[in-house]
Amino acid sequence: MDNVIRRRTFGARIARFSLYAVLIVAALFYLLPLAVMLITSVKPMAEITPGTLLSLPQDPTLAPWVKAWGEACTGMRCEGVGVYFFNSIAIVVPAVLISTTIGALNGYALTKWRFKGSELLFALMLFGCFIPFQVVLLPMAQTLGWLGLSSSRAGLILVHVIFGIAFTTLFFRNFYVAVPTELISAAKLDGAGFFRIFWRILLPVSAPIIVVSVIWQFTQIWNDFLFGVAFSAHDTQPVTVALNNLVNTSTGAREYNVDMAAAMIAALPTLVVYVLAGKYFVRGLTAGSVKG
């Protein structure tokens with residue numbers, strides 16, 4: 001009996017070691033491009049031109065980062081990506097807050113205040129998750145023109161809110177389905193109204209799904225290029241558009257270290273968000289998959 005237990009224990013250890021080894025190799029494989037970007041961004045051009053892509057920098061420098069932030073040419077202007085970085089922040093923050101708030105209210109109404117046609121309405125909103133962005137470029141451009149929001153940050157915020165509502169509504173609806181309806185019924189008997197029930201009962205338990213919605217929307221909006229290039233002017237472009245312009249600028253010699261530094265600057269916010277809150281994202285999705 002002891003020999004059987006020892007063999008099983010030994011076999012379990014081997015299996016666990018093999019699993020960890022595969023996961024480590026996979027992690028290193030997927031992190032390799034990020035490592036190359038980071039290494040290249042702190043190399044002087046003299047160390048890059050020989051073609052030693054994976055070699056560590058002999059004389060590391062932050063000059064490429066400084067130039068990428070405030071001096072690199074993004075088209076006809078040489079002001080770096082710093083201005084556009086703050087443009088992205090000015091677009092992302094209100095768009096995430098508004099779409100998450102509307103999605104929470106929609107999910108609450110569709111699960112706890114059902115009305116005639118609510119299921120059809122939810123199905124139509126869910127259909128919005130599968131509409132290709134390219135299909136709506138012309139109608140959206142015309143709508144922004146009618147509203148006087150063309151080439152403005154407010155127009156980009158509106159576009160991202162509209163396209164984010166379908167996803168945030170889906171997240172909150174699936175999460176709120178698991179909340180006991182008896183709590184809502186009891187609160188109604190006590191005289192609580194729509195917003196009071198939402199504020200006092202549902203919102204306090206919504207932290208996991210709020211994190212999911214915020215991370216999802218933040219990532220989608222920050223990494224967006226199509227809407228940014230289609231609906232913005234030069235002064236309102238997000239950092240993704242500026243990065244594309246920087247990389248494709250044909251004036252002067254190609255500075256790969258500056259390009260990589262600019263790419264790292266553009267990617268840092270999403271990297272930080274996932275490193276700090278990635279586990280909460282998974283927990284929130286799992287919490288919302290119990291029912292619904």
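Modeller: A salt bridge here is a side-chain nitrogen of Lys or Arg within 4 Å of a carboxyl oxygen of Asp or Glu. This is a predicted model, in which local features need pLDDT of at least 70 and side-chain atom pairs count only at pLDDT 80 or more, while totals for chains, interfaces and linings use all residues. Residues are numbered from 1 along each chain as its sequence is written, and side-chain values use heavy atoms, with hydrogens and water left out.

Biologist: How many salt bridges does the rule find across the interface of domain 1 and domain 2?

Modeller: The rule finds zero salt bridges there.

Biologist: Where do the two domains lie in the chain?

Modeller: Domain 1 covers 10-64 and domain 2 covers 82-287, with bounds from an automatic or database domain assignment. Their centres, taken over C-alpha atoms, are separated by 32 Å.

Biologist: What area is buried between domain 1 and domain 2?

Modeller: About 840 Å² is buried, and carbon and sulfur atoms give 83% of that area. Buried area is the accessible area (1.4 Å probe) that two parts lose on being put together, summed over both.

Biologist: Which three residues supply 56% of the area that domain 1 buries against domain 2?

Modeller: Met37, Met45 and Pro64 do, more than any other three residues.
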